[in-house]
Amino acid sequence: MALITLTTDFGLKDGNVGAMKGVILKIAPQTQIVDISHLIASQAISEAALVLSRAARFFPAGTIHVAVVDPGVGTDRRPIAGLLGNQYVVGPDNGVFTRMIENCEKQGQVVRFVHLNQREYWLPQISYVFHGRDLFAPVAAHLAAGVILNDLGAPIGDVVRLNLPKPASTPDGLQGEVIHIDHFGNISTCIMRDDIGDKVIQQVIVKGGVIQDFVNTFGEKPPGSLVSLYGSSDNLLICEVNGNAAQKLGINIGDIVKVTLKDRAPA
Amino acid sequence: MALITLTTDFGLKDGNVGAMKGVILKIAPQTQIVDISHLIASQAISEAALVLSRAARFFPAGTIHVAVVDPGVGTDRRPIAGLLGNQYVVGPDNGVFTRMIENCEKQGQVVRFVHLNQREYWLPQISYVFHGRDLFAPVAAHLAAGVILNDLGAPIGDVVRLNLPKPASTPDGLQGEVIHIDHFGNISTCIMRDDIGDKVIQQVIVKGGVIQDFVNTFGEKPPGSLVSLYGSSDNLLICEVNGNAAQKLGINIGDIVKVTLKDRAPA
Amino acid sequence: MALITLTTDFGLKDGNVGAMKGVILKIAPQTQIVDISHLIASQAISEAALVLSRAARFFPAGTIHVAVVDPGVGTDRRPIAGLLGNQYVVGPDNGVFTRMIENCEKQGQVVRFVHLNQREYWLPQISYVFHGRDLFAPVAAHLAAGVILNDLGAPIGDVVRLNLPKPASTPDGLQGEVIHIDHFGNISTCIMRDDIGDKVIQQVIVKGGVIQDFVNTFGEKPPGSLVSLYGSSDNLLICEVNGNAAQKLGINIGDIVKVTLKDRAPA
């Protein structure tokens with residue numbers, strides 16, 4: 001049974017995701033469809049790239065990930081599909097797959113894209129405003145039904161990539177930025193576990209707060225404490241135990257985060 | 001594999017949709033279930049009618065659409081099921097299927113309804129407040145499992161219909177009203193592409209704004225611009241590029257929309 | 001086809017539920033997955049216990065219910081799985097299954113639990129902060145794929161239980177508390193239909209209001225009326241017809257509810 005995931009900024013109230021699923025199941029009735037998120041902030045391509053890449057790595061080989069955060073719908077931005085490692089992606093050529101591509105490249109996996117230009121795999125009528133339903137859903141369904149990637153469009157090597165924020169070295173540590181705020185108000189930074197290496201975090205400084213406590217898990221400190229820790233995707237997080245750190249500190253995506261580091265004491 | 005869709009105003013936090021799915025899968029384990037929306041505004045039958053009809057037309061033949069926006073639950077409003085074209089519907093007799101019925105009639109398709117009065121296809125115990133779970137879900141599941149429509153109830157020809165807003169002619173164009181505001185704040189009017197025909201839209205006037213720019217797609221104007229365009233269901237929309245038009249203009253469902261038209265210049 | 005349900009406080013925007021589904025479908029591709037709720041209030045174990053127990057009883061035998069509201073993730077709180085009647089549960093040992101357990105005991109059904117300590121059924125890497133993805137999802141998937149409960153961990157008899165609020169007798173009736181507020185603002189109390197028995201409800205008193213009208217269903221009173229009635233899980237509810245009672249009355253979980261009762265007049 002083929003598996004398609006959906007990641008969009010469509011919200012959940014208007015039935016647009018339902019329409020996409022109808023299109024898919026009409027073409028490929030045996031498909032299993034999984035929602036990754038439909039609450040990506042409107043037009044937030046970089047948030048979609050992050051959310052998708054964090055979830056996608058847990059899916060089986062052959063999964064087809066459709067991502068539609070598409071402010072350029074109806075313009076000449078290209079519709080694309082790709083093979084990234086052993087998974088497929090379908091969506092607009094606006095950088096939404098940047099993180100999945102970079103993950104593949106880091107692991108030496110295949111990265112291949114086509115420009116979707118074979119209209120026989122789209123709905124007969126294409127609106128100017130809803131390619132998720134009219135173009136990306138049917139293409140994904142045809143992939144699920146066995147059409148091969150190269151039949152869907154022409155190979156391309158120049159897909160759009162986002163310029164992802166990376167941490168920079170400072171005299172006493174690292175400087176990065178906030179890249180995500182989750183449902184709990186946990187603040188995710190672009191600083192990764194590997195960036196810290198075997199140094200020790202002394203403090204984490206953001207707008208509105210200095211976090212002194214680095215922990216492994218929430219339960220180490222009482223509710224209301226501000227802590228930093230590694231998240232489940234290995235990003236450095238800033239959290240309030242049983243609370244909402246982003247709200248408490250007034251944090252937004254893009255805010256600067258500084259980490260001071262010291263050498264680990266010899267054992 | 002049978003396919004059931006769900007459209008309700010139940011929200012997503014209380015597990016009521018989950019209970020309906022449990023009921024369905026207990027009766028018809030092989031069924032695929034797709035959510036169309038559970039965020040219809042509370043008791044907003046006309047919004048459900050719109051959202052359902054926009055999505056339903058993309059589903060395969062034989063799909064069973066369950067709609068439960070049901071302020072009259074437990075009273076003597078009838079539970080009904082119907083065949084509309086090649087798709088089934090199940091829900092309260094309160095007008096929620098009006099738009100699907102009208103679409104069928106326009107295309108000369110079959111419209112048949114039964115009054116659900118065969119209790120052997122319901123749960124053994126029927127609460128006064130949750131027919132979605134106790135009556136509509138099991139009826140849909142029995143349909144999915146192969147029971148025929150006429151075994152579920154007695155044929156009726158007088159289902160309730162909503163009085164849907166339609167545009168009226170004015171000396172210089174058309175007057176209609178706002179019928180939906182989507183997740184992005186895009187404003188949907190009852191004025192359809194066919195109502196404009198081959199005239200040219202000069203301006204669109206709503207409470208709080210006059211929209212001069214008619215476009216094909218969002219990308220034609222810079223972010224923040226107010227534009228009108230045809231939506232993916234052919235309604236005339238008022239949108240803010242990458243913004244929230246309804247919020248910007250203070251628009252609510254039912255607000256008046258005026259369009260001034262002129263003849264297309266000869267080619 | 002095995003059936004797994006998910007109940008969490010993860011919200012719907014970050015893709016965490018999607019990651020859990022990817023994990024499940026990689027291990028047990030034929031599984032059907034149903035969301036019960038992902039909008040449990042953050043860390044609200046007792047709300048999860050309520051929502052889950054209300055929905056679970058409608059699912060088929062063999063269903064596997066995963067509940068992850070887990071403020072103690074990464075600490076030494078135990079991960080557990082259990083057989084409750086003919087359904088399975090998987091989640092943290094923090095009381096989230098209390099209501100399901102009590103329902104089983106009331107009906108004389110089997111209640112068996114194991115402490116999940118067999119790491120071969122978890123993901124190879126376990127984060128400190130996301131056991132839903134790394135531990136509970138794979139365990140549920142292995143159950144779905146046919147692994148038996150006793151192979152997943154060691155039998156235990158001392159799972160954590162919540163101290164659930166129960167109504168107390170007063171000179172003129174009963175006193176209980178608010179245990180849930182639903183999407184519509186309907187107020188659910190811990191007072192059950194069985195607690196009232198064949199007495200007659202005279203009035204229901206909560207912070208901010210005295211409700212005089214006890215009804216069977218909403219349609220008996222005009223919109224805006226405050227009424228009490230039995231909900232679809234037999235709790236005594238306080239509702240505003242077509243309105244939001246919790247908002248109108250300023251009610252929160254835990255608020256006191258008093259009911260005055262009188263004997264039923266002889267027939």
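How many residues of chain A are in contact with how many residues of chain B? Please take me through that interface.

Analyst: This is a predicted model. Start with the count. On one side, 31 residues of chain A take part, and they are in contact with 33 residues of chain B.

Next comes area. The size of an interface is often given as the accessible area lost when the parts come together. Here chain A and chain B bury about 2500 Å² between them. Carbon and sulfur atoms give 59% of that area. Three residues stand out on the side of chain A: Lys13(A), Asp14(A) and Val129(A). They supply 23% of the area that chain A buries against chain B, more than any other three residues.

Now look at which element contributes. Helix H1 of chain A, residues 16–27, gives the most to the side that touches chain B. Its share is 7 residues. By type, the residues on this side of chain A divide into 13 nonpolar, 12 polar and 6 charged.

What about specific pairs across the interface? The rule finds 0 salt bridges between chain A and chain B. It does find 8 residue pairs in polar contact, with both residues at pLDDT 80 or more.

Then step back to see how the two chains are placed. A rotation of 120° superposes chain A on chain B, with 0.0 Å of shift along its axis. Which residue of chain A comes closest to the rotation axis? That is Gln32(A), with its C-alpha at 5.0 Å.

The contact surfaces tell a further part of the story. The copies use different surfaces: 10% of the contact residues of chain A recur in chain B.

Chain C can be set beside this. A rotation of 120° with 0.0 Å of shift along its axis superposes chain C on chain B, and the RMSD is 0.0 Å. In chain C, the C-alpha nearest the axis belongs to Gln32(C), 5.0 Å away. Chain C and chain B also use different surfaces, as 9% of the contact residues of chain C recur in chain B.

To sum up the interface of chain A and chain B: about 2500 Å² is buried, 8 residue pairs are in polar contact, and the rule finds 0 salt bridges.

Notes: Residues numbered from 1 in each chain as written. Chains lettered and ligands numbered in written order. Predicted model: local features only at pLDDT ≥ 70, side-chain atom pairs only at ≥ 80, totals over all residues. Heavy atoms only, no water. Contact = heavy atoms within 4.5 Å. Buried area = accessible area lost by both parts, 1.4 Å probe. Salt bridge = Lys/Arg side-chain N within 4 Å of Asp/Glu carboxyl O. Polar contact = N/O pair within 3.5 Å; in protein donor to acceptor, adjacent residues only side chain to side chain. Helix = DSSP H or I, 4+ residues; strand = E, 2+ residues; numbered from the N terminus. Nonpolar A, V, L, I, M, F, W, Y, C, P; charged D, E, K, R; others polar. Least-squares fit on C-alpha atoms with pLDDT ≥ 70 in both.
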